[in-house]
Amino acid sequence: MKGKLTEIKWLPEYDIKVEIIDESHRSLVDLINKLADMINRKACPETMSEIFFSLIHYAESYLIREEILLRDLGYSQLDQHKAKHRLFIEKIKSFRESFSSGDPDICQDLYNFLVDWFHEHILQYDKETIAFLKGKGIS
Ligand SMILES: [Fe+2]
């Protein structure tokens, strides 16, 4: 790894003004920053269980709440959106397996995956989804 990983700073434009979703996005950023800090301190992978624990919580609590919100509002792209969440969960499970089997690159690989997810799923957070929420008057 070259140099230290830098922290992701939350910017006001990341907020989409829907509490459940903003809370979920912020909690993921906190988690990514925690992982970066662990990698920087070379405390990884010894402290990875904690990260997996938080990731499972993120998936079980926030992703599901987001799906319920979108379902209740009658979002037509819900299946596609849920499929992305499922893929995320599958990937986290496979990272956990690699971790259990002692993969030495697990910390950096997981970090890269989460940063990509942050950019793809969160920063570009399905523009369509946001447009839908605004249309419903809740954003
Ligand atoms: Fe989502």
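Select helix H3, residues 78-100. H3 has 23 residues, which at 1.5 Å a residue should span 33 Å. Its end C-alpha atoms are 33 Å apart, so the span agrees. Keep in mind that this is a predicted model. Step past the end of H3 to Gly-102, where phi is positive, near 80 degrees.

Now select helix H2, residues 48-72. H2 has 25 residues and reaches 35 Å from its first C-alpha to its last. That is close to the 36 Å expected at 1.5 Å a residue. Centre the view on Tyr-58. Here H2 has a kink of about 25 degrees. Just after H2 comes Gly-74, with a positive phi of about 75 degrees.

Show H2 and H3 together. How do they pack? Their angle is about 170 degrees, and their axes lie 11 Å apart. An angle over 145 degrees counts as roughly antiparallel, so H2 is roughly antiparallel to H3.

Next, colour the contact between them. On H2, pick Met-48, Phe-52, Leu-55, Ala-59, Leu-63, Glu-67, Leu-70 and Arg-71. On H3, the contact residues include His-81, His-85, Phe-88, Ile-92 and Phe-99. By class, this contact has eleven nonpolar, two polar and four charged residues.

Which residues of H2 are buried? Select Ile-51, Leu-55, Leu-63, Glu-66 and Leu-70. These buried residues pack against H3 and also against helix H1 (19-40). Leu-55, Leu-63 and Leu-70 are buried and also belong to the contact with H3.

Move to the loop between H1 and H2, and find Pro-45 there. Display the peptide bond from Cys-44 to Pro-45. This bond is cis, with omega near 5 degrees. Most peptide bonds are trans.

Stay in this loop and select Lys-42. Its phi is positive, near 55 degrees, though Lys-42 is a residue other than glycine. Is Lys-42 buried or exposed? Lys-42 counts as exposed, because there are 9 C-beta neighbours inside 10 Å and the cut-off for exposed is 12 or fewer.

For the last stop, go to Lys-17, in the segment before H1. Lys-17 is not a glycine, yet its phi is positive, about 65 degrees. Most residues other than glycine have a negative phi. Lys-17 is exposed, with 11 other C-beta atoms within 10 Å.

Terms used: Residues numbered from 1 in each chain as written. Predicted model: local features only at pLDDT ≥ 70, side-chain atom pairs only at ≥ 80, totals over all residues. Axes fitted to C-alpha atoms, helices over the stretch in contact; angles between N-to-C directions. Helix = DSSP H or I, 4+ residues; strand = E, 2+ residues; numbered from the N terminus. Parallel < 35°, antiparallel > 145°, perpendicular 65-115°, else oblique. Contact = placed C-beta atoms within 7 Å. Nonpolar A, V, L, I, M, F, W, Y, C, P; charged D, E, K, R; others polar. Expected span 1.5 Å × (residues − 1). Bend = angle between axes of the 7 residues up to and from the residue. Buried ≥ 20, exposed ≤ 12 C-beta atoms within 10 Å, placed from the backbone.
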